[in-house]
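I opened a new notebook page for this structure. I wanted to look up a few side chains, some rings and the ligand, one entry at a time.

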Amino acid sequence: MSWWQETTIYQVYPRSFADSNGDGVGDLRGVIDRLDHLVDLGAGTVWLSPFFASPQRDWGYDVTDHCAVAPEYGTLADVDELLEEAHARGLRVMFDLVLNHTSDEHPWFVESRSSRTNPRADWYVWADGGGRRRRPNNWRTAMEIPSAWQWGEERQQWYLASFLPFQPDLNWRNPEVKAAMFDVVRFWLRRGVDGFRLDMFGSIMKDPALRSNPFRPGMLGGLPRLWLPVHTRNRPENVALARELRAVCDEFDPPERVLLGEVFGSPAELRAYLAEGDGLQLVFLFDFLTYRYSAAWLRRTIARFESAFPPPLQPTYVLENHDRSRTVDRVGGDEEKARVLACVLLTARGVPTIYQGQELGMRNTYIPLREARDPVARVFRFIPEALNRRIPERPNRDEVRTPMQWDGTANAGFCPEGVEPWLPVNPDHTRRNVAAQRDDPSSMLALYRGLLRLRRDHAALRAGTLHLLDERHVLAYERRHDSGDVLVAANLEDHPAALPVGTGARLLLATRGDVELDGPALRLPPHRAAVVAPGRT
Ligand code: BGC
Ligand code: MG
């Protein structure tokens, strides 16, 4: 197996991880200083959200120079040191590549928008429409409500911006754009990065004839939408591009460099990105971001992933990231349920991702829409606060981006006391922090650490096949491997459950101490999960 098939990914949002220079903003040196936390946790790969030059209107997802580091985050020398220090600890490193768009302040766009004839006139997606009154078609942004077309005064034309108006989409059909961006990829690979998470990769190629999307209300990635994005998402050309990017990665010496796509769609649509083993290696499966807390739902979802991504392919499970609600909030504040989900995340077959603070059970930090620093929240400012508080897909992403909680001091150890952090620290940091949880065996951190240790100790959890058991009231599956099988059982109901696990079974881990082996039966109180070495039946 290649390293990435057995790894676990830990997402660092650099702005909120650790501030080393006391400006209230996390930075690369802060990440370097805290790498041992990842080692202690037992993660295999660190993925860093963007730290590249940017006016920070979308906090780094609006890039002005893909090969430069934003000054508040550090320097290229810091990147090199981070790679070196991570590798020395046996960690792999992935960066976040924003290929779909740049900032509108990127010199390429400044030039492109200046006239219809400049050398970069064709580097972005420009179209006439019907003058300034009529947009070229009905394409919508990722938020669905506003149009994706923005008026460019100088050229008297529309430009496409699939996310926010200040993030114009690059024209990937232009060979010069492709060549320039491939050079960016090579620039980082040469410095030793082990792979990339590809931002909005599903939107990268659009219909060249700019046909309108058909009106068909439904859901996509857990969010409501009105138009079926057939002409703007998951186009076959994306797969061709995935292959080309993979070829660029394969120009480099081992270890194998890995591409992980941010894509939304059905498992079959997502599977296409892996091509014949020569496309992306991994695609995020975001269904767990919109999970229903039920054994039936989890069983169905795991089964769908198993059939779309059979071995040697790997599903990529994710419960949290910098865009979506924290797990504990999604399950109504019940930490026991979050522990059950953690157990499933880290024992299902595939590559799991952990978002910083998830291992502490960090909560959303309520920040009203009117105070939001997140540009997406500003799009949704018309939503009444009372309603906003009840939407699980909270539009204010600030709430999941507050500083990492290292200790119980005034700024949670994120930045020095007396400095104002860029986003407020969650007041619960006095209780919920790394220092407090490190030596507490009942903590969320101890659970994540224990689960990751089990993955390292048991090949069945890293490389075994997965077989769902036909249990009605518990979610149960076996991970089978020549070196020994492992059984996982989760009770997501409000009443106790029992499951036969054979005589001589051993309990390897439970989400709480009240889970018991009673002869050949595993007894699970409500909202408990356990990992067992099965006995003889
Ligand atoms: C990222 C977001 C970002 C957007 C635009 C996404 O899907 O995860 O955080 O705002 O792409 O780049
Ligand atoms: Mg700083």
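**Entry on N234**

I began with N234, which sits in the loop between β11 (223-227) and α6 (236-250). I keep in mind that this is a predicted model. Is N234 buried or exposed? I read 17% relative accessibility for N234, so it counts as buried, since the cut-off is under 20%. Next I looked up what its side chain reaches. The side chain of N234 comes to 2.7 Å from the backbone oxygen of F264. I also found a polar contact of 2.8 Å between the side chains of N234 and Y273.

**Entry on R324**

I went on to R324, in the loop between β14 (316-318) and α9 (327-330). R324 counts as buried, at 10% relative accessibility. I then checked R324 against T290. In sequence the two are 34 residues apart. In space, their C-alpha atoms are 9.0 Å apart.

**Entry on ligand 1**

Which residues surround ligand 1? I listed D58, Y61, H101, F163, R197, D199, M200, E262, H322, D323, R397 and R401. I sorted this shell by kind: three residues are nonpolar, two are polar and seven are charged.

I then looked up polar side-chain atoms beside oxygen atoms of ligand 1. For E262, I noted 2.5 Å from such an atom to a ligand oxygen. For D323, the distance from a polar side-chain atom to an oxygen of ligand 1 is 2.6 Å. For H101, it is 3.0 Å from a polar side-chain atom to a ligand oxygen. How much of ligand 1 does the protein bury? Taken alone, ligand 1 exposes 310 Å², and the protein buries 97% of that.

**Entry on aromatic pairs**

I turned to the rings. The structure holds 27 aromatic pairs. I picked out W139 and W149. Their ring centres are 6.0 Å apart and their planes meet at 20°, so I logged the pair as stacked. The angle is under the 30 degrees that stacking requires. Where do the two residues lie? W139 is in the loop between β6 (126-127) and β7 (149-152), and W149 is in strand β7. The two are 10 residues apart, and the pair links distant parts of the chain. I checked cover for both. W139 is buried, with a relative accessible area of 1%. W149 is buried too, at 0%.

My next pair was W172 and F182. Their centres are 6.3 Å apart and their planes stand at 45°, and the pair is tilted. W172 lies in the loop between β8 (157-160) and α5 (175-191), while F182 is in helix α5, so this pair ties together parts 10 residues apart in sequence. I found W172 buried, with a relative accessible area of 2%. F182 also counts as buried, at 9% relative accessibility.

I also noted one aromatic cluster. It is formed by F51, F52, F95, F187 and W188.

**Entry on arginines over rings**

Last, I looked up charges over ring faces. R15 lies over the face of W422, at 4.9 Å from the ring centre. R330 lies over the face of Y291, and here I wrote down 5.2 Å from the ring centre.

Note on methods:
Residues numbered from 1 in each chain as written. Chains lettered and ligands numbered in written order. Predicted model: local features only at pLDDT ≥ 70, side-chain atom pairs only at ≥ 80, totals over all residues. Heavy atoms only, no water. Phe/Tyr/Trp six-rings, centres within 6.5 Å; stacked < 30°, edge-to-face > 60°. Helix = DSSP H or I, 4+ residues; strand = E, 2+ residues; numbered from the N terminus. Buried < 20%, exposed > 50% of the residue type's maximum accessible area, 1.4 Å probe, protein only. Lys NZ or Arg CZ within 6 Å of the ring centre and 35° of its normal. Near = heavy atom within 4 Å. Polar contact = N/O pair within 3.5 Å; in protein donor to acceptor, adjacent residues only side chain to side chain. Areas by Shrake-Rupley, 256 points an atom, 1.4 Å probe, with all protein chains shown as cover. Nonpolar A, V, L, I, M, F, W, Y, C, P; charged D, E, K, R; others polar.
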